[in-house]
Every structure is written in C-alpha cells, then in structure tokens.
Amino acid sequence: MATIRINLLNGVEVLRDDQPVPSGPPQRCALLAALALRRGRWVPATVLLDGLYDGDVPASGTGLIQTHISALRRVLEPDRAPRAEPRVLVSGHGGYQLRITDDQVDAGIFDALVARAEHARAQGDWHTADQFYTRALPLCSGEPLAGLPGPAASAQRAVLGERYLSALEESLFVASMLGRTDRVLDRLRPLVGEHPLRERAAELLMRALVRQGRRSEALEVYTRTRRALIDTLGVEPGNDLRALQTSILAGQPIPSPIRHPSSPDIFPSNSDAIDSLESLALESSALEIIRLEGLGVPEIAMLAERVFGSAADGFAPDIHRATGGSPILVSALLKDLALLDDPPCVPEYLANGNYARAIRRQLDQLAPDTARALRAIAVLHEYNAPPEVVAAACGQSDSEFRDSCATLMAHGITAPPQPRHGTAVDEAEGYPGYDSARISASAVGVHLRPVGGGAAHPTPVSGGAPELSRLRHALPANTLRRLCTREEVQGMLVTAAWRALEVTGDSRVAARYLRELTGERWAEWVPTLVDAGAEAVRALELPEAIGYLEVAQRVCAPEQRDEIGVRLGLVKQWTDPVAARAYFERALVGQRAAKVAPTALIPLAWTLVTSGQAQDAEALLDEVITETAGHDPEAARTLRASRWMVTGLTSRAWNAYLARTRSEAAPDAVTEAVRAIGDLVAVRISAHEARSRFEAAAGGTTGEYLPPELLGIQAHIALWTDELTRAGQLTGQGDDRYFGMLDTYRLMLHTEVLLRQARYAEAARTCALVAVPASASVRRPAGLVALYAAALLGAGRIEEADRWLEPARIHANSESWEWITVTYVRAMLCAAQGRSREAAGHFLDCGRRLAAWQQHNPSHLPWRSSAALQLSALGELDRARRLAAEELELAIRLNTPVALGRAWRAVALAAADHTTSESLCRAVAYLECGESVPELLAALIDLADTHAATGRTALARTTFRRARALADSRAVRVVLALIDQRLSALPSFAPAGSGRHDRSRPDDSILEPAGSA
C-alpha cells in the first residue's frame, strides 16, 4: 500500500510514496487541509461547508462536499477496489474523518519536533532542544495553506503562522543560551522589523544586544516596541520588557532569561487588574509558581468585550473555566481567540500560540511531582479515570497523589470534584459496570456509604485529602497533553490500563485506556483488546467493540493482523455486511499469502451469497479448499465441514453439494453427517434415524474424529426433532469453531430455539445487535432482522416488527434462504394483523420456494399447516384439508411430537365437524410430549374454544387455565390477556349444537415458529 503524506506548511501538497500527485482545485485542497488539521477526529459536514464559504452557503453545498470527498478518496486510495470500504477518508457520525497519523502531515511532524524541543528545553538540555528546533523550522519554508479559499483556511493560516513565529522565537532563545549571539542578532533584527508588536522577539533582541555591550541599541528597541504597542493597541509593554528596560537604565545585571516572561498584558492602565499584574508575589514556596490574584467572570467579560467589541457575558464563563481566572492565562487566551473569526466559545483545541506558551511556562515552574500529576490528569481527562489509576499513571503512591491534587486545587489550577448525586458509585469512580465496593475507598480518601438506602456515594473521609481533582475545561487538558511526547502519553495510558485491570479484572475497563496505542511494542495487549471487543459486543456496544479491535490490529504482530481482521468483519456483519466483506477479503488475501488456515473463507462466502453472488462464493470455496489441502490438510477438512452452512443458503448450491456427497465412494464422517441432514430435510428418514446416523458418523465404527464445525448439524437435528434443550446448549456455545467462524449463523439458530420455547424477550436480546443504530444506508443481515421481528411479534410489538420487516424484504437476496425466512415472518405479521388472505399467500409462497431445496420437513418451516390455519379462518376448508393431510403424512414419516401435534391441530380446524374436538385432544397429547411452548398454547386455546362452543363450559374453563399457567410461566403477556378475555366471556358462549365453534383464535404470529437458515 502506498505511503501518503500531506504538506500544509508550504501551500498544500499530497505526496504518494514521496511523489507529488494532483489534489484538485483550491476548494478541494481547502477541504483536505481542514480534515488533515483535524486528523483522527470526526468533522461534521456542516463545519466543513461553513469553512469553505464566507457568506451564505449555496444549496448545492452538501453535494459539492460529497463530490470533493469522492475525488479525495481516489487521490488518497487509488488502489481501492470499487465499492470497497474506504480506509483513509471515512464517513460517519454526520461527517468525515481522515485516518492518518501525525507523522503523515508536515504540521504534525512540526508540532512533534517542537514538543520534543520544548521538553528538552524544560530539562535544560539546550543542545538537544536546538537540534529539534533546527529540524522543525525548515518545514515552514513558505506560506501555510497558500492560495486556499474560505474563512477556515484564513483562520488556520493565521494560527499556523503564529505557531511558526512562536517556535522561531523559542529557538532563538535556546541559541542565546548556547552563546550564539551573532546568529540570534542576525535572525532577530528582521523578525522584530516585520512583527513590531511581538514583545518576546523584542526582549530576546534586547538581551542579545546587551550581551554584546550595545545597551543604547537595546534601549532603542524598547522605545520602538513601546511606541508600536501604544499606537496600535493602546497598551504599555508587559512587565518583563519593562523590567528589562529598568535594569538596563540602572546598569544592573540583566535578570536571568531562564525563567520565561509572561504573555504581555492587555489590561487598561487604570484597572485593578493591572495593579495586580504589577505587584507579583509568590503565593506558595511549595508551588514554585508566580501567580496573580484570580480574575472573576465580570472582569473577564469586561476584557473580552474590549478585545471583541461586543458584550461577552456568555463567553466569559468559558474563558474562566479554561484559565482558572489566572490573568496571565486570560491575557494569552484572549490574544489567541482574537485571531479566530468570531469564536462562539472557547475551543477544545488551540494551536501552539500565546495560551500554550503561558501554560508551558507555568508548568515549568511547578515542583516536579506536582507537574507530573498535572500532566497525568490532563492525559486522562477525557477518560474520567478514578484517582488510583491517575496516581499510577504519574508514578505516585495514592498518598503522594492526594497531596499533589490538594496543592493543585488549593491554588486554583484544578477544580475540586463535583458531587455525583444520583449516580451509581461504579460509574462515579470511573469503572462502568464494575462494583466499586471492591475498590479500596480508603486509598483515595473517601468513604462509601449508602444514601437513603440507595446506591453508595463518595463522601470525604474525616481529616482525609480530597479525591481526584479535575481540569475545568478541555482546552487546558488538551494543551497540557500536547506538551507531552507521544511516548509519555502512551506510557501513561498503558500504566493506567495495567492499574485498571489490576483493580477491576475487567478487560473492557482496561481497554478504554488503550485506544491511542500504535506499534507492535504494545502487542502484549492484543488478548485484552480482543476480549474487550467480545465483551462490548455482548453489551450491544458495536462501535466500542470495533474500536478495540482496530487498536488490536494496529499493535498486533503481523501474523495476527488477518485473524483480527476476521473478527472485525464478524462484528461489522451485524449491521453492515458490505463493510464486513471488505474486512474478510483483506484477511483472506493475507492468510492465503501466509499459507495459514483461511478462517476468513466461510464468513466471506456467506457474505457473498447473501449479497446475490452465490456462484462466486462456490468458486471461491472450491479454489481455497483445494489450495489449502496442499499445505494444511486438517484446515481443509475443517473448511469442508463448515461448507454446508454456506451451500445451504441457495437451492442450486445445496442440491449440487448433496449430489457430490452421494457420489463419494468412501464417505468420511463429514460426508455421512451432511447426507444425514440432507435426508432429514427431505423427510426420507425419520428423526430417530437421523439421530442414529449422525451418532454413527460422530462415533464412527472407523473411530474418525468429528470436526467441531459439524456440531452445527447436530444442533439442527436437535432443533428439528424437538430436543430444544439440547439445541439450546449447542447453539449457546460461543466457540468460533462450532459454526465455522459464523457467529451470526449460530445466533440465528439460538434465536430459533428461544422462539420455540416462547422466550420472546430473550430471543429479541439475542439478535438485538441488528437493531444497533447505524447509518440509514447500511444493509443489515435480512435473516437476522426477520428473526428479530419474529421476537417482537411474540412480545406483541406488532408495529415495531412491521417497521423492521420492510427493509429486510428489500435487502434480502430473493434466491437465498434469507428470502424464505423474511417471507415466513411476513406471513406471521399478516396473521397478527388479521390479514389471513395475505398470510396464506405468503405461507404458500414459502412452500413453492422450499420445493427447490427438496425441503419438506414440517419441523422446520411448517408452511402447509400454517397456510391451512389461515384458509380455515377464511372458510376455504377444502384447500385447508388437503394441506393439513399432506403435513400429517410428512409428520408421521418424521415422527416427532411437535410435527404430529401441529399437523393434527391443522386437521382438526380444517374439519369443522364432530371430529374437531377429538383431533385437538390428540394434538395436545402429542405436543405435551415435546418442548414447543407456542404450539401447545395454540392447541390448548383451540381445544378450550371447541369445548366452550359445544357447551362444555367447565371443561373449557379447565383447559383455558392450563393454557394460562403455561403462558404465565413464559410471561407471554399477549396470550395471557387473550385467555383472560376468553375466560371472562365463557358464560356468553353459544350452547351445544349451535353450529361451528368460534374461529376467533389467538394471533398465529405469537404461536408460530419462525424458520432460520
């Protein structure tokens, strides 16, 4: 894959493998620059659009953005296959994200080098700082973002220019510390001439001149600078520049330049604030920080109004939170904000300007332990980390960290913790889903006590130090974070993860600190990240799971990358099969090249079939299985054992696969098992024979090993022979091997089991991942959506089920098994809505399509009896009787209690004569021998209705009560309400001999099984 680099500091240029490539017209380049400056973050489309136009945005703006995005994707990923998911410039969350690293953007490289230089300077390592500045400054050889239109580019141009000038000044300061006075003078004279309002440059020039004994020239520099400030801004020079002038006039030694000067003040000369600025005093020798009396919101509002020319009452609180009221920080922040176009609030990020320098200078003045604590608080700001985790991240004991927090809070640098009333203590302590009672509260200076008998809340320990203090605003946190090197940040986050894992034992809690890791040196965290992804899936948090797996793929060893790609595809398969396919294809290419077991093959083939490419899937299966057999026969055997799940999705592939297995002269265990399931589907053998043949294949007279993938066949046999408990056990195991890496398929079968047990709420939860919010354009797996709708129907949520079924019908492949599943559930929905004619039509359509599979098993999709029930309700008894008789014949051959009981129920309701009661009694007797709760409920209610219609009220009441007890055990509220209605109406039922019994039966949708794959 080509290496992409983007240059912003000298025009805008895209380099692919160090060769420039055309990036398009200026407006497109402006869009690319906006995304590159916010790399790794989601940028709303509206923000991008507003940044391109000074005035009103044209109506075609959104389309224009999409056109530019498509063109940029072709520039950034020229080798991306059509319809493949983009990996560099991705869309989502109402906007776009450019997924590149800092070292792929010259501005990012510049910032990293400057940050390293500043870190070395803070340690007094002048030579190292000079080396980093020397590497950084040449990157800014021209005008940043040159030629780009729009207000966003204009604002960023100013910001990037300020960032360069600040770095240049600091590099000259370092050069002066190394004694390179001549070089400093050569650079500073033109700099001060071009930027006469920059006090830092004027100060450095004055110091250099004094060092060469040229005091009069230094005083002239001061005079020119003072005149420029007064004429342009109406302000006097800052304290440091004035103090330097005083020292020169008095012939005193020049103050050491190691302590950095503060940002120049912008306060009016007659205000109280300027008095405070002029009377510096140390508040605490323990802090080693020079700080003035804090400004309140009203004073900040006054100053902001002076800068922006309008009332700033709503703006001032934000500034106060970002500065803590420090006059130095307020001054610096207002100067930075003045460079932005009409800022509505204090942003969460600002480039390295006055505010960043002021923060850095204050940080340099802190005691080392306190500074480390502050950096850790900043790095972990967005994680809401508990105190013991932050303490570990900064390498301090709990007591040392409490002292650091107390110092920071006492001097207003951080805010005390806010009361968390009404919040569970596990969330308050920063461990979602974890019982905080297991955390040592004494270690962080709090007691946990119940409040009003409810959840525990943190309460200060008498005489103890406060718990973790926090920064009031994201801006200081992000600014402090940028002052740390990437190695420092990742080291703190990894230490935080270790501590969180040690305290909670929860991989998901630890993994949230690992989202920024890159590089193989963190490969030891791959198991934790994979486990956290699985836990997030179980919690229905798919974006979180994908995030963990993407980190795992970034840090894993090369040989692990494809396997993690498969896992990413399996998660994406729930809501976006198109994206899942891209993951599987990439993983399969890598696995084939490495000659390892191609675990991506089966899920990729499944995805191809469901998207209408069954022939491509079959060809791929043949090719890869044959190829794998040459170097890994065991892996090839496993693939063969999993193939039936894919071939069974279309009738043509299934019939060809069965024909191939029957032609084998010496069938192995896999072939025997597939033959057994094929004969069971066609009802050429009974359920008992199917079980015996599978057991023979599994145990085998030859003693062959049965691949775990064939347990899926065993689950099918258990499901169709009404061994629901056994089927639930088999499908409830999350081992990837049992279903050929097709966890989607396993959960479909498990949902089917739960539906047959009338456990509708649990069934909905099992496949609720398909209901996770996603983009409207996403195509969800139609079969799973249909089963989710069936679970909603069983719970009586008919309108919701209707909403989910329509997109499933649109997206289902009409040649695959998904279409039949969707059609069958649509029939159930029509029955629930009282549309018997449409319901019968859908059931009959299922029958016509099932014939292509030679699928006649009435325990799978009992379409004949289902259609017969609807036709009986319409009075079309002749057709109903024919269908019921056909199903009864098949049920006798299959010989399972549920198949027989359901068939006898259809026969009874189609008869509508004196035999109805007898046939229903027979149906109930069979169904009571099985485990299918909905079928038994339906038969009991029909039998009770028949008793009531023939005047046997006492017997009807007894039967209704039996049904009610069964429905109550499964909490089927819809059926409970119907039975209660029937019981209350018993006295008004017609007497014996009044004719046909009441045909008003419970919705068949609630009492039907829904067929899966």
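**Stop one: helix H12**

Select helix H12 and pick out Ile300, Ala301, Leu303 and Ala304, which are buried (buried means under 20% relative accessible area, exposed over 50%, partly exposed in between, with a 1.4 Å probe and protein chains only). Before going further, note that this is a predicted model, where local features need pLDDT of at least 70 and side-chain atom pairs count only at pLDDT 80 or more, while totals for chains, interfaces and linings use all residues. Residues are numbered from 1 along each chain as its sequence is written, and side-chain values use heavy atoms, with hydrogens and water left out.

An α-helix has 3.6 residues a turn, so residues three or four places apart point the same way. Now show helix H13 (316-323) and helix H14 (327-337): both are included in what covers the buried residues of H12. H12 itself runs over residues 297-308, and its 12 residues reach 16 Å from first C-alpha to last, close to the 16 Å expected at 1.5 Å a residue (the expected span is 1.5 Å times one less than the number of residues). Helices (H or I, at least four residues) and strands (E, at least two) are DSSP runs, numbered from the N terminus.

**Stop two: helix H27**

Next, select residues 601-610. How many residues of helix H27 are buried? The count is 10 of the 10, so the helix is largely enclosed by the rest of the structure. Among them are Leu601, Pro603, Trp606 and Thr610.

Contact here means heavy atoms within 4.5 Å. Then step along to Gly612, which follows H27 and has a positive phi, near 90°.

**Stop three: salt bridges**

Keep H26 and H28 on screen and show the side chains of Arg592 and Glu623. They form a salt bridge, with the closest N and O atoms 2.7 Å apart (a side-chain nitrogen of Lys or Arg within 4 Å of a carboxyl oxygen of Asp or Glu). Arg592 lies in helix H26 and Glu623 in helix H28, so the pair ties together parts that are 31 residues apart in sequence. Arg592 is partly exposed at 23% relative accessibility, and Glu623 is partly exposed at 44%.

Move on to Glu928 and Arg962, another salt bridge, with the closest N and O atoms 2.2 Å apart. Glu928 sits in the loop between helix H44 (916-927) and helix H45 (933-949), and Arg962 is in helix H46 (residues 953-969), so this pair ties together parts that are 34 residues apart in sequence.

For a network, select Glu118, Glu170, Arg200, Glu203, Arg207, Arg360 and Arg361: salt bridges link them. The structure holds 54 salt bridges.

**Last stop: zoom out**

Show the protein chain as a cartoon: there are 48 helices and eight strands. Of its 1013 residues, 56% count as buried. Among contacts between residues at least 6 apart in sequence, 65% join residues at least 24 apart.
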